[in-house]
Amino acid sequence: TVLAVKTTEIPGIYDEPDYKKDYPAKKADDGKEKKKEPRAIVMHGPLWSPDGKHNVVVARALDNKDRWLLSLDVSTQKLSLIDRQRDEAWVGGPGSGSYFGMGTLGWLGDNQTLYFTSEESGYAHLYTYHFGTGKKLALTQGKYEVQEVDLSKDKKFFYITTNEVHPGKKHFYRLPVTGGKAEKLTSMTGAHEVSLSPDEKWMAYRYSYSNKPWELYLQETKSGAKPQQITSSLTNEFKSYNWRDPQ
């Protein structure tokens with residue numbers, strides 16, 4: 001069965017980029033001002049909740065000024081708005097996806113709560129949307145970016161990578177799905193790229209600093225745990241040089 005879904009009722013589908021206000025109005029053949037057309041979009045989904053009762057569809061304008069999260073009512077083929085992100089420069093940032101992907105999206109254990117990232121505030125942050133109440137909640141906020149998001153197996157925590165400490169430093173945190181204070185799990189100054197063990201009790205991560213190349217470390221998944229260095233890739237000649245620590 002093929003169902004035709006109308007996209008002409010998506011909020012802002014007729015909104016053109018602001019720079020077009022500087023252009024002369026387009027005229028039709030009869031000399032009258034040309035009627036606005038809905039912008040071309042690309043769609044992904046739907047991504048259904050595990051119980052099959054709710055879904056989310058991602059739509060992106062081809063001019064890259066808008067990204068919508070929508071819910072599709074299959075019985076009426078109508079779309080309702082969950083979240084709209086507009087950027088007169090370019091909709092992007094961590095977790096926002098692309099023309100070819102949906103980005104950071106998923107479901108919490110109650111089958112009613114969707115989580116996603118958005119740059120609505122000007123920075124990439126983690127949000128939830130509850131289908132029962134229709135409320136959107138920001139789980140993180142501030143002048144930093146949530147760069148990666150993973151949901152724990154028991155669906156009680158998010159594991160997130162952010163640059164909250166400093167724009168050039170990446171740390172790994174554990175955050176309750178209800179929000180609140182995130183527990184910082186990595187401690188060394190620099191950048192961490194973390195992979196969790198299947199039971200989530202251990203972290204393997206690549207770590208680097210401004211004047212130290214990447215090395216592999218192993219650490220228990222808890223705050224204050226001591227990291228164990230697994231690889232040692234530097235030669236004596238490399239270590240003998242006094243590499244600058246840039247400011």
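Which residues make up the largest nonpolar core? This is a predicted model, where local features need pLDDT of at least 70 and side-chain atom pairs count only at pLDDT 80 or more, while totals for chains, interfaces and linings use all residues. Residues are numbered from 1 along each chain as its sequence is written, and side-chain values use heavy atoms, with hydrogens and water left out.

**Nonpolar cores**

- The largest nonpolar core has 12 residues: Leu 108, Tyr 115, Leu 126, Leu 139, Tyr 144, Val 146, Val 149, Phe 158, Ile 160, Tyr 173, Leu 175 and Val 177.
- Strand 9 (146–151), strand 10 (157–166) and strand 11 (169–176) each give two or more residues to this core.
- Another core, of 11 residues, lies apart from it and includes Leu 105, Leu 114, Phe 116 and Tyr 127.
- A nonpolar core is a set of buried Ala, Val, Leu, Ile, Met, Phe, Trp, Tyr and Cys residues joined through side-chain atoms within 4.5 Å.
- Buried means under 20% relative accessible area, exposed over 50%, and partly exposed in between (1.4 Å probe, protein chains only).
- Strands (E, at least two residues) are DSSP runs, numbered from the N terminus.
- In soluble globular proteins, nonpolar side chains tend to be buried together.

**Aromatic rings**

- The structure holds 10 aromatic pairs. Rings of Phe, Tyr and Trp (its six-membered ring) pair if their centres lie within 6.5 Å; planes under 30 degrees apart are stacked, over 60 edge-to-face, and the rest tilted.
- Phe 116 and Tyr 127 are stacked, because their ring centres are 5.8 Å apart and their planes meet at 15°.
- This pair links distant parts of the chain: Phe 116 is in strand 6 (residues 113–118) and Tyr 127 in strand 7 (residues 125–130), 11 residues apart.
- Phe 116 is buried at a relative accessible area of 0%. Tyr 127 is buried at 7%.
- Tyr 129 and Phe 131 pair edge-to-face, 5.1 Å centre to centre with 85° between the planes. Both are buried.

**Charges over rings**

- The charged end of Lys 136 sits over the ring of Tyr 127, 5.6 Å from its centre. The cut-offs are NZ of Lys or CZ of Arg within 6 Å of the ring centre and within 35 degrees of the ring normal.
- The charged end of Arg 174 sits over the ring of Phe 157, 5.9 Å from its centre.

**A buried loop serine**

- Ser 49 lies in the loop between strand 1 (41–48) and strand 2 (55–61).
- Ser 49 is buried, with a relative accessible area of 3%.

Technical notes. Helices (H or I, at least four residues) and strands (E, at least two) are DSSP runs, numbered from the N terminus.
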